[in-house]
Amino acid sequence: MATEFNVVDVWLGDFPSEIRFSEYLAEIYSVEDDKSPISQFAADQKRWFYDHDFVERYFFEKTTDLPRALSQCSFISSYINDVVATYKARALPPVNVALLVFGNAIRTPRSVSSNDYKLVHLGRFQSDPGP
C-alpha cells in the first residue's frame, strides 16, 4: 500500500447538521479563479487545495464513544487507541463529525471554529495500512 496512508490527521468536531458539514467540505473549482480555496475546510487550513482522495469524512449522532463512531474509518485499528487517549486527555465534549486526512496533505493542520461549527485537530497519528 502507498506510503501516503502511513500517517493520518484527525479532526473531531460539532456541526449543526450533516448538510452543513457537507457544505463545509464542498469543493468548488473555477477556471477563472484558480487561487481561491476549493472549500471552506481548505480556507480554514490556510490551503487553496488538497487531494480529496486522501480525505474521509463522517457524520454521526453526537457521542463520546469514539471506537463505535469511528469504526468505519480506514485502518482505524492502528490508531484508535491514540485517538481515544488524546480525546480523553484533552477532555473534549461529545462530537458528531470526524475528518481524516491521510499523507500529510495538510502541512500545518489547525483547529477552527465559527459561530455554527467547531473542528478540533486532535493530532497526527501513525497509520498502518497493512500489506
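The side chains of D116 and R20 meet in a salt bridge, at 2.7 Å from N to O; a salt bridge here is a side-chain nitrogen of Lys or Arg within 4 Å of a carboxyl oxygen of Asp or Glu. D116 lies in the loop between β4 (112–113) and β5, and R20 lies in helix α1 (residues 18–25), so the pair ties together parts that are 96 residues apart in sequence. Helices (H or I, at least four residues) and strands (E, at least two) are DSSP runs, numbered from the N terminus. D116 is partly exposed, with a relative accessible area of 28%; buried means under 20% relative accessible area, exposed over 50%, and partly exposed in between (1.4 Å probe, protein chains only).

The model is predicted: local features need pLDDT of at least 70, side-chain atom pairs count only at pLDDT 80 or more, and totals for chains, interfaces and linings use all residues. Residues are numbered from 1 along each chain as its sequence is written, and side-chain values use heavy atoms, with hydrogens and water left out.

**Salt bridges**

Side chains of opposite charge can pair when their charged atoms come close. Under the rule above, the count comes to three salt bridges.

| Pair | N to O distance |
|---|---|
| D116 and R20 | 2.7 Å |
| R124 and D9 | 2.9 Å |
| K62 and D14 | 3.1 Å |

The side chains of R124 and D9 form one of these salt bridges. R124 lies in strand β5 (residues 118–126) and D9 in strand β1 (residues 7–14), so this pair ties together parts that are 115 residues apart in sequence. D9 is buried, at a relative accessible area of 1%, while R124 is partly exposed at 36%.

Another salt bridge joins the side chains of K62 and D14. K62 lies in strand β2 (residues 55–63) and D14 in strand β1, so the pair ties together parts that are 48 residues apart in sequence. K62 is partly exposed, with a relative accessible area of 47%, and D14 also counts as partly exposed, at 27%.

**Helix α1**

The buried residues in α1 are R20, F21, Y24 and L25. Seen down the axis of α1, they fall within an arc of 135°, so they line one face of the helix; the arc is that of the directions from the helix axis to the C-beta atoms. An α-helix has 3.6 residues a turn, so residues three or four places apart point the same way. The cover over the buried residues of α1 includes α2 (40–44), β2, β3 (95–102), β4 and β5, where contact means heavy atoms within 4.5 Å.

**Strand β5 and the segment after it**

Besides its salt bridge to D9, the side chain of R124 has a polar contact of 3.1 Å with the side chain of N104. A polar contact is a pair of N or O atoms within 3.5 Å; within protein, one must be able to donate a hydrogen and the other to accept it, and residues adjacent in sequence count only if both atoms are side-chain atoms. A polar atom of the R124 side chain also lies 2.8 Å from the backbone oxygen of I106. Not counting residues up to four places away in sequence, R124 touches V7, V8, D9, N104, I106, R107 and P109. R124 and V101 are 23 residues apart in sequence and 9.3 Å apart in space, C-alpha to C-alpha.

H121 is found in strand β5 and is buried, with a relative accessible area of 14%. H121 and W11 are 110 residues apart in sequence, yet 4.3 Å apart in space, C-alpha to C-alpha. Leaving out residues up to four places away in sequence, H121 touches D9, V10, W11, R90, P109, R110 and S111.

S127 lies in the segment after β5 and counts as buried at 6% relative accessibility. A polar atom of the S127 side chain lies 3.1 Å from the backbone oxygen of F5. With residues up to four places away in sequence not counted, S127 touches F5, N6, V7, V8, F75, S78, Y79 and F102.

**T63 in strand β2**

T63 is in strand β2 and is buried, with a relative accessible area of 15%. Not counting residues up to four places away in sequence, T63 touches A69, Y87, P94 and V95.

**A nonpolar surface patch**

Y29, W48 and F49 form a nonpolar patch on the surface, with about 340 Å² of accessible area together. Patches are made of residues with over 30% relative accessible area and no salt bridge: like charges are joined within 9 Å, and nonpolar side chains (Val, Leu, Ile, Met, Phe, Trp, Tyr) within 5 Å. Accessible areas come from the Shrake-Rupley method with a 1.4 Å probe; for residues, only the protein chains shown count as cover. Y29 is placed in the loop between α1 and α2 and is exposed, with a relative accessible area of 51%.
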